Amino acid sequence: MTRPLPTALLAALPLLRCPVCTLPLDARERTLGCAGGHRFDAARGGSVSLLSGPAPVSGDDDDMARARDRFLATGAYGPLRDAVLDLAAPEACAGPDGSPVGARRTVLDAGCGSGWYLAALLAEQPGALGIGLDTSTRSLRFAARAHEHLAAIGADVFSRLPLADDSVDVVLDVFSPRNPPEFARVLRPGGRLVVARPAPDHLAELRETVPAMVGIDPRKEERLAAALDPHFTAGPEIVVRAPLRLGTEAAADLVLMTPSARHVDPAALDLPEELGTTLSVRVSAWTVR
């Protein structure tokens, strides 16, 4: 017996567009398709890939996705999650007349990973619809089951997003690549972009312990402003800074869930039984110009 498409994917369907020709999509059993004849089969795990062209190579591999899921489940990044949710709250995203934007709020998580941040937002905002985009097949499996109102979709943030113009109320970008023109295109008037990125001292102690970890661009803030300013107006910002006490396994997962995993030999990691490090992240809100 063929299982039906997840209810979240069906709810998101009116907002989705074919990645090949941009026509609207419809659903037939477990396949999405457009009038142009392009078809996209849903995976058994509940996600659907709307990737077109060569497969991206930047997404988390299986080991990275599993490490991310394990680490976030510890709750160590709770202060960061709370800051993201504060800036994405309905009262923080009011329209020009002071009313919340959108009859049913739709939140897009660009580079959603396991869906941890988006699922937390959906739990706080009953009735909201979440759309999580990622290129990692394993991450999308986690995201598809993170919340019943989360539609997990394979898509490349660097390409045209498979969404209609003015279709979402909030875009989340947490430690993920950014596509400012596309974020501005899919956001409704009055919508909000929430960006989280590491501060210079983020995980400084862990980086000292594991020198092979990827460093933080000292010009990150300058580059962020240059990329967003043509499309967005800067709004409020929250600086998250909190001490973390990590056991060996959690510290290893934190290293291996990031791009540093491609430069580190897991077998060579020499971590103490307990390691203190610093969560240091800037989370800012931006509105479409």
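Begin by selecting Glu-182 and Arg-185, which both lie in helix H6 (residues 180-186), three residues apart, about one turn of the helix. Helices here are DSSP runs of H or I with at least four residues, strands are runs of E with at least two, and both are numbered from the N terminus. The two side chains meet in a salt bridge, with N to O at 2.7 Å; the term stands for a side-chain nitrogen of Lys or Arg within 4 Å of a carboxyl oxygen of Asp or Glu. Glu-182 is buried, and so is Arg-185, where buried means under 20% relative accessible area, exposed over 50% and partly exposed in between, with a 1.4 Å probe and protein chains only.

Before moving on, note that this is a predicted model, in which local features need pLDDT of at least 70 and side-chain atom pairs count only at pLDDT 80 or more, while totals for chains, interfaces and linings use all residues. Residues are numbered from 1 along each chain as its sequence is written, and side-chain values use heavy atoms, with hydrogens and water left out.

**The whole chain**

Zoom out to the protein chain, whose secondary structure comes to nine helices and 11 strands. Its radius of gyration is 19 Å, close to the 19 Å that the globule rule gives for 289 residues, so the chain is as compact as a globular protein of that length; the radius is taken over C-alpha atoms, and the rule is 2.2 Å times the number of residues to the power 0.38. Along its principal axes the C-alpha trace spans about 55 × 50 × 35 Å, and 52% of the 289 residues count as buried. Of the contacts with a separation of 6 or more, 66% are between residues 24 or more positions apart, a contact being heavy atoms within 4.5 Å.

**Other charged pairs**

Side chains of opposite charge can pair when their charged atoms come close. In this chain the count comes to 18 salt bridges. Select Asp-82 and Arg-81 next, whose side chains meet in one of them at 3.2 Å, N to O. Asp-82 is partly exposed, with a relative accessible area of 37%, and Arg-81 is also partly exposed, at 24%.

Then go to Asp-217, which forms a salt bridge with Arg-223, the closest N and O atoms being 2.8 Å apart. Both ends are partly exposed, Asp-217 at 30% relative accessibility and Arg-223 at 46%.

From Glu-221, look across to Pro-200: the two are 21 residues apart in sequence and 9.9 Å apart in space, C-alpha to C-alpha. Pro-200 has its place in the loop between strand E9 (187-198) and helix H7 (204-209), and at 76% relative accessibility it counts as exposed.

**Two covered helices**

Which residues of helix H5 are buried? Select residues 137-144, the extent of H5, where six of the eight residues are buried and the helix is mostly covered: Arg-138, Ser-139, Leu-140, Phe-142, Ala-143 and Ala-144. These buried residues pack against helix H2 (62-73), strand E6 (129-134) and strand E7 (150-154).

Move to helix H9 (residues 248-256), where seven of the nine residues are buried, so the helix is largely enclosed by the rest of the structure. The buried residues are Ala-250, Ala-251, Ala-252, Asp-253, Leu-254, Val-255 and Leu-256, and what covers them includes H2, H7 and strand E10 (232-247).

**Two loops with positive phi**

Finish with two backbone details. Glu-29 has a positive phi of about 55° although it is not a glycine; Glu-29 is found in the loop between strand E1 (25-28) and strand E2 (31-34), and at 66% relative accessibility it counts as exposed. Phe-175, in the loop between strand E8 (168-174) and H6, has a phi near 55°, again a positive value in a residue other than glycine. Phe-175 is partly exposed, with a relative accessible area of 34%.
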